[in-house]
Amino acid sequence: MRITCPLCGPRDRREFYYYGSEDYLTQPEVGDLDAVDAQLHLRDNVAGRVRDVWYHEAGCASWLVVTRDTVSHAVEKVELVANVKGILAKTKLKGGAA
Amino acid sequence: MRYSGLKVITQGLFGNKGWGPAWRNPAPKPEYDAIIIGGGGHGLATAFYLAKNHGLTNIAVLEKGHIGSGNIGRNTTIVRANYVLPGNSEFYSHSLKLWEQMETELNYNVMHSQRGVINLFHSDGQRDAAVRRGNAMINQGDDAELLDREGVRALVPYLDFEQTRFPIYGGLHHKRGGTARHDAVAWGYARGADMRGVDLIQNCEVTGIDIEGGRVVGVQTTRGAIRARKVGMVVAGRSGQVAAMAGMRLPIESHVLQAFVTEGLKPIIDQVVTFGMGHFYISQSDKGGLVFGGDIDFYASYASRGNLPMVEHVMEAGMTLMPMIGRAKVLRSWGGIMDMTPDGSPIIDKTPVEGLFVDAGWNYGGFKAVPASGWCMAHLMATGETHAVASKFRLDRFRTGHLLDEEGTGSQHNLH
């Protein structure tokens, strides 16, 4: 698997640290336990197209949002978190229970 | 048919023509008292103990592929009870006791071999941690013995004791640990459940969970709708997708764990040896292949194969620990999909939907848990009460802060 860093170009997967799902980019209200639980623990855990957060640890140290497929490992798009944060902040977190 | 040594001899005399199929292949009925989604080790054990311990026999196991085609058929078969935390300790202790009686209970040879597990340590700090773990195991009523360097050398002389990075200081020896034949565990529980009247329905994928007024009433499948007032989701690896059918998000992220096996060799590795500092563990199958593996690939994945960096890392760790392994040829490698939870411990609990239960989040330690998981899930589904030894495996423990973080690595799915 290779990831194309927007700053460094295509790089080996080993340069990147996987942080977790895009849920980490949301900002729960202080004291809202359900939202904190949703951000830290609960996951859609999709088999297919996902967006998750990576860190270019052995490269330019950028935080990245990678759009990729969890079944084929194909990487579709890589963006700097700084460029997508505004969009993601509006993402509403879903609670855990039905 | 009851299996016995006499049966093997008499069948052998008459051309082995009398062996029948080990279980029926029934069509689904329109309604059952309970449905288990998932015909893997945990699902089959749940069905077996529902029938055996609780007398519930009008039940079905729904499996989208064939029996034992998931993680029960692709793991590294290690059985152990060497946990520290209250909540984990009593559960795995119970599981090991069930392993020790499994072959008698199932009338099936699962090739359970208590060859011992040796966890190596490489520093004074690690030795202290091993002593603490060993004491916790003894307090739980299980066995543990601290080996010094020479004690380890006497058992596994082929390790590289002189390496400079991770010199071997000793090991924690868990003699009742070992391995078992993974497929036989699935087959044994399948046969045992079937003999008690459980319908094992293969090639039957659940496509929806029917909920009315906050209570489960049945499932939709590729072989039609089936009604049931109790449904258990026992689909580790795919728990997220099945739970989504009930409108739930679980505290689980799926990751791939790779494993490797070499060509068949003469007996050389008599125990299970774990090299925690290198994320490496190894044992030898009865067929002769060296079975070994490492850590997960670290990013969410549903591909039943891994990536090369982890292959390289595992091989390097193997060479560091036992240079002789360099002469063996790797025959094949594969990946299994793991339900990773934020604390590395599993979930056996009710859900907010009445009658819907979940058994999930086994991380990469599900195989040894098969009997106790089935035992406790059956208890929960039959009585509505959590079993005493699984009382900490709650679905909401992350929200309430009652984590069971055995490794103490923090609340991130890929760190366990």
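Trainee: Quick one to start: does B:R127 count as buried, partly exposed or exposed?
Mentor: B:R127 counts as partly exposed, at 29% relative accessibility. For the cut-offs, buried is under 20% relative accessible area, exposed is over 50%, and partly exposed lies in between (1.4 Å probe, protein chains only). Keep in mind that this is a predicted model, where local features need pLDDT of at least 70 and side-chain atom pairs count only at pLDDT 80 or more, while totals for chains, interfaces and linings use all residues. Residues are numbered from 1 along each chain as its sequence is written, chains are lettered from A and ligands numbered from 1 in the order in which they are written, and side-chain values use heavy atoms, with hydrogens and water left out.

Trainee: Thanks! Where does B:R127 lie?
Mentor: In helix α4 of chain B, residues 124–139. Helices (H or I, at least four residues) and strands (E, at least two) are DSSP runs, numbered from the N terminus.

Trainee: And what is B:R127 in contact with, leaving aside neighbours within four places in sequence?
Mentor: B:F121 and B:Y169, where contact means heavy atoms within 4.5 Å.

Trainee: New topic: how many salt bridges are there over all chains?
Mentor: A search of the whole structure finds 29. The criterion is a side-chain nitrogen of Lys or Arg within 4 Å of a carboxyl oxygen of Asp or Glu.

Trainee: Which residue forms a salt bridge with A:D23?
Mentor: That's B:R249, with the closest N and O atoms 3.0 Å apart. B:R249 sits in the loop between α7 (239–244) and β13 (253–264) of chain B, and A:D23 in the loop between β3 (17–21) and α1 (33–40) of chain A, so the pair joins two chains.

Trainee: Are B:R249 and A:D23 buried or exposed?
Mentor: Both B:R249 and A:D23 are buried.

Trainee: What about B:R149, which residue does it form a salt bridge with?
Mentor: B:E162, and the closest N and O atoms are 3.3 Å apart. B:R149 lies in helix α5 (residues 149–155) of chain B and B:E162 in the loop between α5 and β6 (170–174), so the pair ties together parts 13 residues apart in sequence. B:R149 is partly exposed at 25% relative accessible area, whereas B:E162 is exposed at 55%.

Trainee: Back to A:D23: which residues do salt bridges that share partners join into one network with it?
Mentor: A:R43, A:D44, B:R249 and B:E253 are in one network with A:D23.

Trainee: Last one: which side chain does A:R11 meet in a salt bridge?
Mentor: The side chain of A:E15, at 3.1 Å from N to O. A:E15 is buried, with a relative accessible area of 16%, and A:R11 is partly exposed at 32%.
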